[in-house]
Amino acid sequence: MRAQAIRPSQYITTYGAGSILEGPDGPRVVYDLEHSDVFGQNAPVTFAIHESGLSNLLPERAQIVRIPTNAEMQLKDGEAIYKTSPFPRWSLCVTHNRLYRYQHLASRTGCPGCVETFPHWNEARRKARKEAIRFVRACPAGHLDDVDWVGIITHARPNCQPESLRWQGTGGSLRNITIECPDCGGAANLGTAYAREWRCSGSYPERDLTNVGCARGARIMQRGSANLHVSELASSVTIPNLDTTLHQVLASAWVRPLLIVQRPLLQSGSQLRLIIRQLSDANAIPNTVLNEVNKYSDNMLFQAMDDVLASSLPASLEEARQNEFRQLQLAATSGHPSQPSQTPGAPPLFEVIQSKVQPSILGPGGRLLRVTPVSRLRVVMVQLGYRRMDGDLVSAAYREGQNVWLPGAELHGEGIFIDLSPQPGESSAQGHFQLVGLDAAGWSDQWQQSGELTSHPVFVWWHTLAHRLILALSVDSGYSSAAIRERIYARVDPATGAATGGILLYTAQPGGDGTLGGLIALVPRFDRVLIAALREVDSCSNDPLCSEERIAAGRANGAACYACSMVSETSCEHRNMWLDRNVLRINVP
C-alpha cells in the first residue's frame, strides 16, 4: 500500500479523524488518534504544544499535541506513520456495470465479471479500491457507513442476499440509475433513494465501531461532499504579556496547576526542580520544562512564579479573542519587542516594530485606518472535533490515563493588523464610525434578536473588508489568496452600544522558518492595496441577483457570493458567513 502525504496543518483543518482521504490506492477513512499508532513508542507529551491560555479553555482543559512528521519519527518520507482503513468497501465495475463488495481471500474476491481477468485476490483488491463507489451513508450524529445497497432494494423474495448488484443506466442524473438484484429481479431508483432518509447503523469507522445504535435518520451522500466532514477549530495568536521564556514555561498547562497547589509549600527552588524532574521522568511534562527551570536562580524562579500566579487566564474563547485585540492595539501604539520561543530552533513568537506602523492610511471614504505590520507571529490551531451535515460535534479527544489530548498545529508567519486610526495619545479608536443604510440596519436588527457578535454590523463590515483585502493582497504579496488567513475582532460596549473592530490578515506555515516577509512588505504602500480592494465593490458579475440579497431570519449572508466577497475555506474562519457587500459599499473606509 502506498502512503498519501499530508501536512500536519492539513490534518487539523481538513483530514482529521473520520474524514475520507483520497489516497493513491483509493479512498480511506482516517483513524482517530487512539487507533492511529502515530506516536509509536513515544508518549504524546513528546509532541506537546505549549499554549496555556488556549489549553485552559479547551474541553476538560485538554492539552495540545501535534501530529509528528516522518523526520521526527526517524522514518523515510514514503513510509506511512498514520493508520487508515479502506472506505467505502463497495465498488462499481464500469466494465461490467456491477456493484460489488470486495471480500478478502473469499472464493469470489471482486466483480463477478472480472474473476477470470483478475484471478488473484491481490489484483482484485487493487482494482476494487480504484473503483470504490462514490456514495456513503451518514447521519448528523457523526456516524458513517457504507450504503446498505442490498437493503435499499425492494426484493421479490424475502432474505435475498446477492453477492453483487447490477448498475443500470447512464447520464448525469441520479434518477437515470437503477440498481437491480440479479437473484430476484428487485430494483431501486438511486435518485429516489438519495432523496429519502434511511436507518443509521451507528458506525464510527475511525474507531472500528460498528452498529452501536442510533435513532436518527441517515442520508446517502457523496463521499467528497464538503459537509460530510467539517472540522471544528479553536485557535489563538500568541502575544506574550509575561516577560521571559521562564514565565511562559511556568504559565504552561503543565506547570501552572502545579504552582497553584504547591506554591505555599515551596521553600526553595530545588523543591520545584525535584517535582518537575519527577514529572518529566514519568513523561507527564516535556523535558524542555525542566531544562528551562534549571537555568534560573531561586530568586528568579520565585519572582516568576508570583508573576504567573498573579496573572489571570481568560475564562472563555471570546475573552481570549478580546485580549488578543487589546494586545494588538497596544502593540500598534507602542510596538512589541521580539519574544523568543521556548521551542528550540523555532522563530520568535511575536514582534511589532513601532517605527514601521502606518498610523493614518486615508481610505476612499475619507476615513483613517491604522496599518500595523506584524513581522513575527505564532498561531496555534486545535481541532476540537468534526461535524457531519451541520450536526453534533464528534470530539477528537485522545485519552491517555488522566490526560486528555486534542490534535493541534503550531504555525509561524507574518501578518498585517488593521484598525481605525486612534486620536493622538490613545491606543485605540473609541468607537466605530456610524454605519448607514438599510443593510446595516437589517444586520443591527439581526444582532439585537440573536445577541451574536458575528451578526453585529460592525463585525460584518470588517469581515467583508477582510475578504476584499485578501483578494487584493494576493496580487502583489506572492501568496495565493488561499494562503492568507483572517482573524476578525469586534468589541461592543453593552452600556453605550459603541462598537469598534479590526482585522488581522496573516500567512503562516508549520516549521521553524516562518515566512519571508512578502505580506508586511506591502504595508508602506497599503493605500494602493486598499484602493484595489474597493475598486469594484459596487459591482458583481452576479448582479442584480447578488446585490438584491438582504439579511433575514435563517440567513447568514446579505449580498455576498464567490464572484465578489467569498474566499477559500482555508482563509475564512467563519465558513464564508456574516458577509454583506452592501454594508461595505455604502460605508467605504
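## Secondary structure and overall size

The protein has 15 helices and 24 strands, counted as DSSP runs numbered from the N terminus (helices are H or I with at least four residues, strands are E with at least two). This is a predicted model, where local features need pLDDT of at least 70, side-chain atom pairs count only at pLDDT 80 or more, and totals for chains, interfaces and linings use all residues. Residues are numbered from 1 along each chain as its sequence is written, and side-chain values use heavy atoms, with hydrogens and water left out.

Along its principal axes, the C-alpha trace spans about 85 × 65 × 40 Å.

## Strand 4 and its two partners

Let's turn to strand 4. Strand 4 (residues 63–66) runs antiparallel to strand 3 (residues 48–49), joined by two bridges; pairing requires at least two DSSP bridges. With strand 22 (residues 403–420), strand 4 pairs in the parallel sense over four bridges.

Ile64 takes part in both pairings: Ile49 stands opposite Ile64, and Leu406 is the bridge partner of Ile64 in strand 22.

## Helix 13 against helix 14

Next comes a helix pair. Leu465, Arg468, Leu469, Ala472 and Leu473 in helix 13 meet residues of helix 14, including Phe526, Val529 and Leu530 (contact means heavy atoms within 4.5 Å).
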